[in-house]
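Good morning, and thank you for coming.

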Amino acid sequence: MATDSENLSSLLFQALNISLSFRIQFHRLNIKNDPRLEGLIKMADLTINLAAICTPADYNTRPLDTIYSNFIDALPVVKYCSENSKRLIHFSTCEVYGKTIGCFLPKDSPLRQDPAYFVLKEDASPCIFGPIEKQRWSYACAKQLIERLIYAEGAENGLEFTIVRPFNWIGPRMDFIPGIDGPSEGVPRVLACFSNNLLRHEPLKLVDGGKSQRTFVYVKDAIEAVLLMIENPARANGHIFNVGNPNNEVTVKQLAEMMTQVYSKVSAEPPLDIPTIDVSSEEFYGEGYDDSDKRIPDMTIINRQLGWNPKTSLWDLLESTLTYQHRTYAEAVKKAISKPVAS
Ligand code: UDP
């Protein structure tokens, strides 16, 4: 398993090791420059590449690292799998779809309600990114190119591959809490940002009003989809799979409201009088940020090939995740807040 996404890889590793009767080995190495990489790929039946910078706050502020880690550094893994006839499961992203066609329609166009203009299909939807100066898209573009390269290795050299496009996987241990188990200046993804705000009793920050829409899937459901891919090569090879939950769609503002409610329930603390505040994307992420407007995965292919469907509702997954966040971090955050600030 090649990974940089530490938390997701350890969750996946645990799940796989149990279900595959402990036939997995763990080697910690840097895929950029470790001479052991080819030998390890040769020894294994399957390589799963999760190595990536995959935090939106990095895409416009560290575009070079983003492009290198998602494209250049992934090249040797693809090459060694192809040359040694080894199977590859490569983790990509739903962000390769970019923006929906619907977002370019006039605001009052009835076509905006038509799923043909927003549901994202692996074999039909275009990939629509913003201009180069919007460096947000450095990630999506690098991921798109590595997908195309893997696909071409499959077409020209017979590489057996599966590409996974995660749609906002969330759950316990998927990210870091700034200043507790990650850098205090770091900006994680939305679930951890909002958890951090709730733990610190500060308003949740809605970027550009929190209008963007997302579908969230519970990481435990998503890992089941990956297990099906591993166990069913004949049905998974040669395919790109959306892995998400189309039933769990909310705006970011609705997510903030729901998390406020759920956190109040699991922590037995009253919600703040002013639970959210608006911030501009420039202020929050810096120059070059841009956003995907809406992300609904089409489930036809994963359903047909693997019979997989997500199970967990947004409320249930937030309840279990925020129970975990409260239990794991509330005390540490309280201590961090009470420490005097060095002058
Ligand atoms: N977002 C927000 N407040 C935060 C963090 C994120 O409003 O504190 C928004 C962000 O602008 C985006 C959405 O939440 O519209 C999801 O962001 P995330 O970083 O989880 O990843 P993305 O889905 O954009 O890849």
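Strand 7 gives the largest share of the shell around the ligand, namely 3 residues. Strands, at least two residues of E, and helices, at least four of H or I, are DSSP runs numbered from the N terminus. Please note that this is a predicted model: local features need pLDDT of at least 70, side-chain atom pairs count only at pLDDT 80 or more, and totals for chains, interfaces and linings use all residues. Residues are numbered from 1 along each chain as its sequence is written.

Of the 14 residues around the ligand, those that come nearest are R189, V190, C193, V207 and S212; a residue counts as near if its C-beta atom, placed from the backbone, lies within 6 Å.

I turn now to helix 6. Its 21 residues, 137–157, should span 30 Å at 1.5 Å a residue, and the end C-alpha atoms are 29 Å apart, which agrees; the expected span is 1.5 Å times one less than the number of residues. Just after helix 6, G158 takes a positive phi of about 75 degrees.

Finally, the domain. An unreviewed UniProt entry annotates residues 23–244 as "NAD-dependent epimerase/dehydratase"; such annotations may be inferred rather than shown by experiment, and their positions are given in the numbering used here, with feature names shortened. Over residues 23–244 the chain is 35% helix and 15% strand, with the end C-alpha atoms 27 Å apart.
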